[in-house]
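Reader: I'd like to go through this model piece by piece, with the cut-offs spelled out as we go. Can we start with the ground rules?

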Amino acid sequence: MTALRIPNRQARHLWLWTNGLSGTPTGKVDVMGMIRHLGFVQIDTIRNVTRAHHHILWTRNQNYRERMLWPLLGRDRLLFEHFTHDASLIPMETLPIWQRQFRRLGAKVAAHDWYQSGLARDQIAQIRARIEAEGALSTHAFDTRAANREMWARPPHKKALDQMWYAGELATCYRKNFVKFYNLGERVFPAHLREGPSDRDQIDALCDGALDRLSIASCGEVQRFWGAMDASEARGWMTRRDLVPIEVEGADRKWTTCYAPPDIEARLEALPSPTARLRILNPFDPAIRDRVRLNRLFGFEYVNEMFVPQAKRRWGYYVYPLLEGDRFVGRIELKADRAADWMHVTGFWSENRIKWPLSRLDRLDAELIRFARLAGISDIRWNVPRPA
């Protein structure tokens, strides 16, 4: 079969549409609809202006507010929390095909030296028994201490809780001020969703869902989407599916071979042009999570430097890419203090050959105002020179 060829600009439009970034981000807020469209939303502890999960959803509908998310996990049970490539909120209807990930990560964590809690089996059983008797508990309900004060050190009870959480024996019941409360999985996960199809059917369903949310992808990109299978399992899925071979033009004019779902031509025919709005994207946004794909499609090099020593950073600690239409025009570093009601621009870097006329600056200012409003902030100041 002759591969369908997708020129670069069309590929960029397809990727933005696939990630819910084509249209103007307004209208009625459907949080579950956005998360289902993306497959999951990554959650993160760092609150620079707002936490990543809130920012990702707000980027797709700027009527979103932070109070809208957590009731879907704790009250409504429409979401569950587990580990994809990172900690994520996943639609509850995904649970039957997530049983393999519970088994997979449960076994992996149990065998990993770092996760060995140092607690005896009866002590771990006592932690579970307390939750069974008392209901949802956070890590603060236990008092074992970490062996050292290193950044990633965890106390033994936290490692034990995590072992049971990865295996699905425990589940996130709710979060309060972002603190995770654990309960028995059987109390959180609906009974009719706790049994899954065969392991192969789970692999196939996960890979189908990944390709649907990627639109065009290599086998490795499908495998990495959920982080729930190995390369051989993803290759096995490919042999069982009638995929459409695709050649995609990169920003460097080179062509890459990959695959698409059977309806790819219908997707391309109905593909809208992206809005010209300038958007501030989160470093963990799914549209930019795969840095190789990002560079290949957009010619935009992005590195998350939060854990890079300050002296070695090219840009800054928490730097947001700036997307305008179908291209990245720069990046901006922001810091905020909600209690003091301020958000400061502490760094700005324009992309090469991008000019900043008043019209583009106005679009950036408008986005900064909208972003600050999400965090309840009214005072916006530049601590570095504005682009010219």
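Author: Two strands count as paired if DSSP finds at least two bridges between them, and helices (H or I, at least four residues) and strands (E, at least two) are DSSP runs numbered from the N terminus. This is a predicted model, where local features need pLDDT of at least 70 and side-chain atom pairs count only at pLDDT 80 or more, while totals for chains, interfaces and linings use all residues. Residues are numbered from 1 along each chain as its sequence is written, and side-chain values use heavy atoms, with hydrogens and water left out.

Reader: How many bridges pair β8 with β9, and in which sense?

Author: The two strands form a hairpin with five residues between them, and Arg253 in the turn has a positive phi of about 75°. Along the pair, Val244 has Ala260 as its bridge partner, and Pro245 stands opposite Tyr259. Strand β8 (residues 244–249) and β9 are antiparallel, with six bridges.

Reader: Is β8 mostly covered or mostly open, counted in buried residues?

Author: Buried means under 20% relative accessible area, exposed over 50%, and partly exposed in between, using a 1.4 Å probe and protein chains only. By that cut-off, β8 is mostly covered, and the number of buried residues is five of six.

Reader: Which residues have the most contacts inside the largest nonpolar core?

Author: A nonpolar core is a set of buried Ala, Val, Leu, Ile, Met, Phe, Trp, Tyr and Cys residues joined through side-chain atoms within 4.5 Å. The largest one has 55 residues, and helix α9 (residues 199–214) gives the most to it, with six. Another core, of 45 residues, lies apart from it and includes Ile46 and Val329. In the largest core, the residues with the most contacts are Ile216 and Ile246.

Reader: What volume does the largest cavity have?

Author: On a 1 Å grid over the protein atoms alone, a cavity is a set of points where a 1.4 Å probe fits but cannot get out, a pocket is an open set with protein on both sides within 12 Å along at least five of seven lines, and lining residues have an atom within 4 Å of a point. Points are joined across faces, edges and corners, and a volume is the space filled by probe spheres set on them. The structure holds one cavity of 30 Å³ or more. The largest cavity, whose lining includes Trp15, His37, Phe225 and Pro286, has a volume of about 60 Å³.

Reader: What relative accessible area does Pro286 have?

Author: Pro286 sits in the loop between β10 (278–280) and α13 (291–298). Contact means heavy atoms within 4.5 Å, and beyond four places in sequence Pro286 is in contact with Trp15, Asn19, Leu38, Ile56 and Arg60. Pro286 is buried, at a relative accessible area of 12%.

Reader: Which element gives the most to the lining of the second largest pocket?

Author: That pocket has a volume of about 500 Å³. Its lining has 21 residues, with Phe298, Gly299, Phe328, Glu351 and Asn352 nearest the centre. The element giving the most, with three residues, is β12.
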